[in-house]
Amino acid sequence: MNQTFIVTKEHRRFTEFANAVRKERTIGICHGDAGVGKTNSARRYANWDTLEPYINEWGPRGDHDAKHYALANRSRTVFYTPEVLCRPKDLMNDIDHWQAKVGICADEHLRSTETAPRIRAGGVAHLVELLIIDEAERLTPTGLELLRDRHDREHLSMILIGMPGIDQRFRHYPQLYSRLGFSHHYRTLGRDELLFVLDRHWKRIGRNLDPDDFTDAQAIAAIERITRGNFRLLERLLPQIARVLKINELETITDDVVEAAASILVIGN
Ligand SMILES: Nc1ncnc2c1ncn2[C@@H]1O[C@H](COP(=O)(O)OP(=O)(O)O)[C@@H](O)[C@H]1O
Ligand SMILES: [Mg+2]
């Protein structure tokens with residue numbers, strides 16, 4: 001995930017959803033097609049690209065600590081991806097681990113700002129307010145029950161992220177289902193945003209995109225049709241377009257170029 005994160009409308013909607021789940025101390029479900037950007041949004045919300053490596057290192061402390069403590073305090077969120085066939089015990093141990101670490105970081109930040117540092121009853125792990133579980137379809141019924149129990153005891157807010165239909169699956173767990181506060185559908189890129197992403201890409205390969213130009217409009221239409229606004233498909237298609245141009249020594253991105261690029265990819269419907 002080295003390329004720049006684009007703050008899309010869907011990301012802003014996700015942020016609002018996450019803030020609402022947190023404020024209501026409830027459980028929320030976020031569902032949407034594979035590749036639309038759910039994982040990226042959630043990691044961004046939790047500052048996870050910065051906090052995860054920092055926590056994993058956990059070595060001798062240094063100058064950059066304060067920055068990470070402040071970040072942990074601001075997000076107060078744990079992002080977690082269960083393994084396939086994860087055992088409920090490992091799941092809860094892992095979550096305990098991350099909750100404790102993020103809690104310690106947030107606590108360090110608070111200590112540095114408080115004149116008389118408080119003793120936190122119940123431990124620093126309680127500073128964590130939100131747990132985001134990605135790939136939530138991997139959770140077993142026991143895992144779901146344990147999470148529901150944690151939510152009840154600690155009033156820890158949770159977001160379960162999964163594929164379309166995951167909300168229907170949770171209907172089979174009345175204990176959990178009755179606690180769900182929000183269901184959020186993460187959608188594909190809108191036309192404006194697709195154009196924005198394409199424009200950036202065109203610039204990167206030294207070209208200008210003009211939606212009013214006939215050839216460009218046709219190329220855009222082909223890309224829209226092939227990717228249906230799916231971020232991952234777009235990210236896979238764009239390098240192939242550049243490749244087709246190069247191999248054929250072409251200057252212009254036409255709909256034929258787009259079609260040729262798409263034919264290289266395996267794109268399921
Ligand atoms: N906001 C974003 N900015 C830039 N690229 C993004 C963004 N969201 C998604 N992507 C791209 O789309 C791909 C798929 O996103 P991801 O979050 O893994 O989707 P999902 O979890 O919904 O399957 C990412 O690998 C990345 O290349
Ligand atoms: Mg994902």
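Which residue in strand 4 is the bridge partner of H31? The partner is G162.

## The model

This is a predicted model, in which local features need pLDDT of at least 70, side-chain atom pairs count only at pLDDT 80 or more, and totals for chains, interfaces and linings use all residues. Residues are numbered from 1 along each chain as its sequence is written, while chains are lettered from A and ligands numbered from 1 in the order in which they are written.

The protein has twelve helices and five strands. Both are DSSP runs, numbered from the N terminus: helices are H or I with at least four residues, strands E with at least two. The C-alpha trace spans about 65 × 50 × 30 Å along its principal axes.

## Strand 1

Strand 1 covers residues 27–31, and five of the five are buried, so the strand is largely enclosed by the rest of the structure. Buried means that 20 or more other C-beta atoms, placed from the backbone, lie within 10 Å of the residue's own. I27, I29 and H31 point one way; G28 and C30 point the other way. In a regular strand the side chains alternate between the two faces of the sheet.

Strand 1 runs parallel to strand 4 (residues 157–162), joined by five bridges. Strand 5 (residues 180–185) also pairs with strand 1 in the parallel sense, over five bridges. Pairing takes at least two DSSP bridges. G28 has F182 as its bridge partner in strand 5.

## Around ligand 1

Ligand 1 lies between domain 1 (9–185) and domain 2 (191–264), because both give residues to its shell. These bounds come from an automatic or database domain assignment.

Conventions
Buried ≥ 20, exposed ≤ 12 C-beta atoms within 10 Å, placed from the backbone.
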